[in-house]
Amino acid sequence: MIGRILYYSGRPQEVAYLLQMKKAFQHYKPIEKRLLTISETTTDRAFCYEALKKVSRSFSIVIQQLPASLRDPVCVFYLVLRGLDTIEDDMRLGWSKKEQLLRSFSEAINGPSFTMEAVGDKEDYRDLMLHFDKVCRFYRSLDPHYREVITTVTHQMAEGMVTYAHRTIVSYDDWSDYCHYVAGLVGIGLSQLFSASGWEQSALLDDRAISNEMGLFLQKTNILRDFAEDLQHDRIFWPEEAWKPYVTELVDLQRQPKIGIAVLNNIIVHTLQHIPACLTYLKHLQNKHIFRFCAIPQLMAVATLKELYGNEEVLRQNVKIRRGKTAKYFMAIHDFTAVKKEYLAILKQLEKNNLTETIHPLIESIHAL
Ligand code: MG
């Protein structure tokens, strides 16, 4: 506690944002009861929003702030893909069972009463899967345009997950390909939902490559951040090209932290290359709420990368950005000018790590936007 007070005493602005956020977002907080209990008394729609609050931290708020006509489809999209990811991440499931569940998922959500027992490595995930029929019914109440996007992305993502359950991520290209399936497709699907809603009209949203990069940047950041947790569960997502030249097994990076940090830093530098595409995408968004929905996670990602750079702790535990920083993004970022300013500040700090050659062109590209 005292440590925290001292910590924030030098950051009075962040304390102010934390307090503002606490007050402003009170009604976005999940209720204490388990989803299992909530499911007995709520409508499908209310259950889905409660589930959203439980299973996603940052996304839940920005989804609930979307324009009304987009809120429901994006909420369902998130929960359906959370369901798929819950299957992918459950390392207790046998391979053939997992493959069968993944492959049948996009069809199952269109069926009458799809639920799953004892799937998921967290209590909230297991509760959600146990009542997935509620998500499916809510899904089936959506406009056919939205359903089409959700089913197509779910089907393609499942195919990618099946492929990569057998395949090692060897090169950086493999890494981008895997991230395309589990996150790039989400970026592409979201662009399609935005266009279908009529809230966004930019032709840039039809550009699959740029929407893909929006997802890639977030996913690669999460994969870097979750190193220790994934390793603990025998999940390996760091590309071999980055670490195999130095160590035989990924776990060796924990035993030899100097090498671990060097590898981590190299992958961060690779990941930063998505920034110009992501900022170009953000620049073209017209609706303020859709903009915030897209921009806040991107900002949290770039701030996370800065926090991970050269940080030995990443090798042993999840490193997160300060809550005060997150609060600042939620409370103070409303337009592209504010995003640009924050990116430039973060990149200038990163540049000090002898990274002028990498970072300078990125800074220039941001200035040009
Ligand atoms: Mg996963």
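A residue counts as buried when its relative accessible area is under 20%. In this predicted model, Glu88 has a relative accessible area of 12% and is therefore buried.

Asp85 and Glu88 lie about one helical turn apart, because they are three residues apart in helix H6 (residues 68–89).

Helix H9 (residues 132–140) is largely enclosed by the rest of the structure, since seven of its nine residues are buried. These buried residues are Phe132, Asp133, Lys134, Val135, Cys136, Phe138 and Tyr139. H6 is among the elements that cover them; further helices that take part in this cover are listed below with their residue ranges.

| Helix covering buried residues of H9 | Residues |
|---|---|
| H3 | 35–41 |
| H4 | 44–55 |
| H7 | 95–108 |
| H8 | 123–130 |
| H10 | 144–166 |

**Nonpolar core**

The largest nonpolar core comprises 131 residues, and Phe105, Trp238 and Leu282 have the most contacts inside it. Helix H18 (residues 288–308) supplies the largest share of this core, with 13 residues. When neighbours within four places in sequence are left aside, Trp238 is in contact with Ile169, Ile223, Leu224, Phe227, Trp243, Leu250, Leu253, Val263, Leu264 and Ile267.

Key:
Residues numbered from 1 in each chain as written. Predicted model: local features only at pLDDT ≥ 70, side-chain atom pairs only at ≥ 80, totals over all residues. Heavy atoms only, no water. Helix = DSSP H or I, 4+ residues; strand = E, 2+ residues; numbered from the N terminus. Buried < 20%, exposed > 50% of the residue type's maximum accessible area, 1.4 Å probe, protein only. Contact = heavy atoms within 4.5 Å. Core = buried A, V, L, I, M, F, W, Y, C linked by side-chain atoms within 4.5 Å.
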